[in-house]
Amino acid sequence: MQAQVLVAGAGPVGMTLALALRRQRVDVRIVEKAAARTDKSKALVIWPRTLELLDIQGCAPVFVDAGLRCGGARILGEGHELVHAHFSRARSAYPYALMIPQSATEALLEQQLAQAGVQVERQVELLSFTDDGARVTARLRDADGREESTAAAWLAACDGAHSTVRHALGLPFDGDTLASDWVLADVLIDGELPNDELTICWRPDGVLACFPIGGRRFRVIADVGLAPDTAEPPTLAQVQALIDRRGPKGLRAHDPVWLNHFRINERKLKDYRHGRVFLAGDAAHVHSPAGGQGMNTGMQDAFNLAWKLALVQRGLASPALLDSYSAERSAIGDQVLRNAGQMTRVALLRNRLLRELRDLAAAALSRLPPVEQHLVDQLTELDLHYAHSPLSATPHGASRQPAAGSRAPDAALNAADGSATRLHALLGDGRFVLISVGAASPAVPKALQGLVSGAHAAQADGYDDAHHYLVRPDAYLALSARGGDAKAIFVWLQRLVAA
Ligand SMILES: Cc1cc2nc3c(=O)[nH]c(=O)nc-3n(C[C@H](O)[C@H](O)[C@H](O)COP(=O)(O)OP(=O)(O)OC[C@H]3O[C@@H](n4cnc5c(N)ncnc54)[C@H](O)[C@@H]3O)c2cc1C
């Protein structure tokens, strides 16, 4: 069986990529060496920006219906609340952290994939591959040990932190492993612990965080320094002792379904593209769970790559477009690694003076509305942007909001035929959308009509009046132009086709 794109690995990132590719009419094959999906809760949060991108694929509601809406995060110091961030500040249709175990996320993605006509091929392992510049030829092995050679135009390595593809390419995975062990427990908790907020406790001997999963079930994590023996999972009694020492008073943990130790790795590839091979998700970056950005960043790698591969594969854009994948996503990876690392180090401060200063600063600053807004925008990933991308341009007369490279918010629009629609609905087919706000829609040159659809609105929230906006298929603004003069946009699109 041949496909245009071979995806190695059916974790959340590989399945997101396969789904987005399929929705954009790309032939995709996805192979997974494991016999079954994970049954572990692992990544617990889907943040608003990821939900928006799932909305473009038409499937956000199935995730929202299966998850728990969490309204905020609080940090408790010694005896009092230091920080309380309210996710209702998120300027999105999804103003909450959606708590949903990774096992459920994967099940829903696999269901969506099956509905789109793609079956995950389980117990099929990618063993090796060659890239001759025109195609990738991969060697696969199935559960019975039968080997097969298959060719594809592109290989997407979504094969996790121990990526076979990354090893085969000999790519350095630069970074560190933090010198501290962590305890992880999925338990029921009785007592006064809100199940619609994240609770993080900064204590002199370390940090304890409790994330609601649903009902009275919580994920608890806590750092324990260098533990003498991490070969055995922690006991419930050890978890309870950590909760008693660091958590709110009167909590009782019971009925664990998962007890484990882990260490934090902070590693990243420099370049996410090597010839016809792209790396995404944990295969390209791993970081601290602080901020719960790991899986979300990986899924957003997938959305970024999918539309570019689809346009190139369908002959609508030059292959040079594919270089922007690594430029954009590697920069985001650096930023996420930096932010998650800082959050972890601040939480783990041991020096008493530094801790006191930290607590004072956190309590004072986080009460300032702009600071709380910044914290919420960062956690929810609504502030991620590609301002410095080779794809972002700011011609004379460009809008101030959104700026080139920023998220283009969903908005009520009229499609070219006058029917009422929304930006996300139009983006679903993988084309750019040219929105005219408070300006007459320009005629799209015939040669560009396969690449872009038109829409207009008298006014739109988050968009300056009297401008034309070229929105990328992943809902970021490529560029804008003053109303009545869309020439710069057509020149930009022409370059994308011809580069
Ligand atoms: C204990 C634990 C707790 C975590 N908690 C959080 C959290 O709270 N928040 C958060 O954001 N993240 C968390 N993570 C990280 C999160 O789980 C990952 O970021 C996420 O799973 C990455 O998805 P992925 O698809 O890139 O990789 P994976 O989920 O690792 O999927 C890769 C897939 O590729 C398959 N594969 C590997 N090699 C091959 C091959 N050669 N051929 C075919 N298939 C192959 C694997 O079997 C696997 O199914 C946690 C991880 C762990 C282990």
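Which residues lie nearest the centre of the second largest pocket? They are Leu382, Pro402, Ser406, Arg407 and Pro409, from a lining of 14 residues. The structure is a predicted model.

- The volume of the second largest pocket is about 360 Å³.
- Its lining comprises five nonpolar, four polar and five charged residues.
- Pro402, one of the residues nearest the centre of this pocket, belongs to the loop between helix 10 and strand 20 (412-415).
- The peptide bond that leads from Gln401 to Pro402 is cis, and its omega is near -10°.
- As background, most peptide bonds are trans, and most residues other than glycine have a negative phi.

**Cavities**

- Rolling a probe the size of a water molecule over the atoms shows where empty space is left.
- Three cavities of 30 Å³ or more are present in the structure.
- The largest cavity holds about 70 Å³ of space.
- Its lining is formed by Gln293, Gln335, Val336, Asn339, Ala340, Met343, Gln378 and Leu384.
- Helix 8 supplies the largest share of that lining, with five residues.
- By class, four residues lining the largest cavity are nonpolar and four are polar, while none is charged.
- The second largest cavity holds about 50 Å³ of space.
- Around the second largest cavity are Gln24, Leu53, Ile56, Gln57, Phe303, Trp307, Pro473 and Asp474.
- Helix 2 (48-56) and helix 7 (294-313) are the elements that each give two or more residues to the lining of the second largest cavity.
- The lining of the second largest cavity contains five nonpolar residues, two polar residues and one charged residue.

**Nonpolar cores**

- In soluble globular proteins, nonpolar side chains tend to be buried together.
- The largest nonpolar core has 110 residues, and the members that touch the most others are Phe63, Phe432, Leu470 and Leu493.
- Helix 7 makes the greatest contribution to this core, eleven residues.
- Leaving aside residues up to four places away in sequence, Phe432 touches Trp307, Leu311, Leu451, Val452, Ser453, Leu470, Val471, Arg472, Pro473, Trp492, Leu493 and Leu496.
- Among these contacts of Phe432 are Trp307 and Pro473, and both of those residues also line the second largest cavity.

**Helix 10**

- Helix 10 spans residues 369-379, and its buried residues are Glu372, Gln373, Val376, Asp377 and Leu379.
- Viewed down the helix axis, the buried residues of helix 10 fall within an arc of 165°, so they line one face of the helix.
- The cover over these buried residues includes strand 6 (81-86) and helix 8 (323-347).
- After helix 10 comes Glu381, which has a positive phi near 65°.

**Other residues with positive phi**

- Arg25 is a residue other than glycine with a positive phi, near 65°.
- Arg25 is placed in the loop between helix 1 (12-23) and strand 2 (28-32).
- Arg25 counts as partly exposed because its relative accessibility is 47%.
- Asp255, also a residue other than glycine, has a positive phi near 50°.
- Asp255 is located in strand 16, which covers residues 252-268.
- A relative accessible area of 44% makes Asp255 partly exposed.

- Leu423 is found in helix 11, residues 423-427.
- Leu423 counts as buried because its relative accessibility is 0%.
- Not counting residues up to four places away in sequence, Leu423 touches Ala408, Pro409, Asp410, Ala411, Leu413, Val433, Ile435, Tyr463 and Val471.
- One of the residues that Leu423 touches is Pro409, which is also among those nearest the centre of the second largest pocket.
- Val471 is touched by Leu423, and Val471 is likewise among the contacts of Phe432.
- From C-alpha to C-alpha, Leu423 and Thr137 are 38 Å apart in space, and they are 286 residues apart in sequence.

How values were computed
Residues are numbered from 1 along each chain as its sequence is written. This is a predicted model: local features need pLDDT of at least 70, side-chain atom pairs count only at pLDDT 80 or more; totals for chains, interfaces and linings use all residues. Side-chain values use heavy atoms; hydrogens and water are left out. Buried means under 20% relative accessible area, exposed over 50%, partly exposed in between (1.4 Å probe, protein chains only). Helices (H or I, at least four residues) and strands (E, at least two) are DSSP runs, numbered from the N terminus. The arc is that of the directions from the helix axis to the C-beta atoms. Contact means heavy atoms within 4.5 Å. On a 1 Å grid over the protein atoms alone, a cavity is a set of points where a 1.4 Å probe fits but cannot get out, and a pocket is an open set with protein on both sides within 12 Å along at least five of seven lines; lining residues have an atom within 4 Å of a point. Grid points are joined across faces, edges and corners, and a volume is the space filled by probe spheres set on the points. Ala, Val, Leu, Ile, Met, Phe, Trp, Tyr, Cys and Pro count as nonpolar, Asp, Glu, Lys and Arg as charged, and the others, Gly among them, as polar. A nonpolar core is a set of buried Ala, Val, Leu, Ile, Met, Phe, Trp, Tyr and Cys residues joined through side-chain atoms within 4.5 Å.
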